[in-house]
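Subject: Structure handover

Hi,

Please find the model below. My notes follow it.

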Amino acid sequence: MKDTVALRHIGKMSFDVVVNGHHLLLDTAEEFGGNNGGPRPKSLLMAALAGCTAMDVVSILNKMKIQFEEFRISIEGNVTEEHPRHYDKMHIKYIVTGNNIPGDKVKHAIELSQDKYCGVSYTLKKALDVTWELVIGEKAKMNS
């Protein structure tokens with residue numbers, strides 16, 4: 001099995017990327033020659049991690065018949081100061097709200113994702129420190 005991505009320069013620092021048949025605009029901030037018209041490529045690593053582990057955990061919770069009101073993930077990445085500027089740490093915060101959420105089962109679902117199923121996490125852990133925490137019942141705002 002192979003994945004493919006196609007990228008085309010569309011002006012300044014903007015690129016049209018086709019991923020699984022879906023278009024995505026990549027760009028950078030105006031101060032770096034872009035139009036600020038889309039996400040930065042490096043940040044998409046965190047989006048990929050969030051999506052991968054979220055799909056695992058929600059699937060596992062559904063199989064466990066655990067009902068939740070809301071499921072969120074926020075990830076904070078630490079970027080080095082020296083070039084090449086890269087992430088050396090990522091911290092995942094899983095936020096699950098609802099009535100009578102069994103923390104031990106949610107924790108188990110997260111561990112399965114992190115240790116067995118999430119290929120993005122597996123790949124990133126070879127290059128940087130990935131940590132996580134679980135918060136149950138907290139209403140939190142997502143960073144946009």
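3 strands form an open sheet in the order 1-2-3, with antiparallel pairing. Here two strands pair if DSSP finds at least two bridges between them. Strands (E, at least two residues) and helices (H or I, at least four) are DSSP runs, numbered from the N terminus. Strand 1 (5-11) and strand 3 (22-26) are the edges: each has a single partner strand, so one side of each lacks a neighbour in the sheet. From one strand to the next, the twist averages 25°. Axes for such angles are lines fitted to C-alpha atoms (for helices, over the stretch in contact), and angles run from 0 to 180 degrees between N-to-C directions.

Two points on provenance. This is a predicted model: local features need pLDDT of at least 70, side-chain atom pairs count only at pLDDT 80 or more, and totals for chains, interfaces and linings use all residues. Residues are numbered from 1 along each chain as its sequence is written, and side-chain values use heavy atoms, with hydrogens and water left out.

**Strands 1 and 2**

Strand 1 pairs with strand 2 (residues 14-19) over 6 bridges, in the antiparallel sense. Val5 has Val19 in strand 2 as its bridge partner. His9 stands opposite Phe15 in strand 2. The hairpin of strand 1 and strand 2 has 2 residues between the strands, and Lys12 there takes a positive phi near 45°.

Lys2 sits in the segment before strand 1. Lys2 counts as exposed, because its relative accessibility is 78%. The cut-offs: buried is under 20% relative accessible area, exposed over 50%, partly exposed in between (1.4 Å probe, protein chains only). Lys2 and Phe32 are 30 residues apart in sequence; C-alpha to C-alpha, they are 33 Å apart in space.

**The 4-5-6 sheet**

Another open sheet has 3 strands in the order 4-5-6, and its pairing is mixed. Strand 4 and strand 6 (129-136) stand at its edges, each with a single partner strand, so one side of each has no neighbour in the sheet. On average, neighbouring strands here are turned by 15° against each other, direction ignored.

Strand 4 and strand 5 run antiparallel, joined by 10 bridges. Glu70 stands opposite Thr97 in strand 5. Two helices pack on this sheet. Helix 1 touches strand 4, strand 5 and strand 6, and its direction makes about 150° with that of strand 4. Helix 2 touches strand 5 and strand 6, at about 160° to the direction of strand 6. Contact means heavy atoms within 4.5 Å.

Arg72 is in strand 4 (residues 70-79). Is Arg72 buried or exposed? Arg72 counts as buried, because its relative accessibility is 19%. Its side chain makes a polar contact of 3.4 Å with that of Glu70. A polar contact is a pair of N or O atoms within 3.5 Å; within protein, one must be able to donate a hydrogen and the other to accept it, and residues adjacent in sequence count only if both atoms are side-chain atoms.

**Core**

The largest nonpolar core has 25 residues; Leu49, Ile73, Ile75 and Met90 touch the most other members. Helix 1 (41-63), strand 4, strand 5 (87-97) and helix 2 (103-117) each give two or more residues to this core. Helix 1 gives the most, with 8 residues. A nonpolar core is a set of buried Ala, Val, Leu, Ile, Met, Phe, Trp, Tyr and Cys residues joined through side-chain atoms within 4.5 Å. Not counting residues up to four places away in sequence, Leu49 touches Ile75, Met90, Ile92, Cys118, Val120, Ser121, Leu124 and Val130.

**Aromatic pairs**

Rings of Phe, Tyr and Trp (its six-membered ring) pair if their centres lie within 6.5 Å; planes under 30 degrees apart count as stacked, over 60 as edge-to-face and the rest as tilted. By this rule there are 3 aromatic pairs. Phe68 and Phe71 have ring centres 6.0 Å apart and planes at 55°, so the pair is tilted. Phe68 is partly exposed at 26% relative accessibility. Phe71 is buried at 18%.

Tyr94 and Trp132 form an edge-to-face pair, 6.0 Å centre to centre with 90° between the planes. This pair links distant parts of the chain: Tyr94 is in strand 5 and Trp132 in strand 6, 38 residues apart. Tyr94 is buried at 0% relative accessibility. Trp132 is partly exposed at 26%. Ring pairs link Phe68, Phe71, Tyr94 and Trp132 into a cluster.

Best wishes
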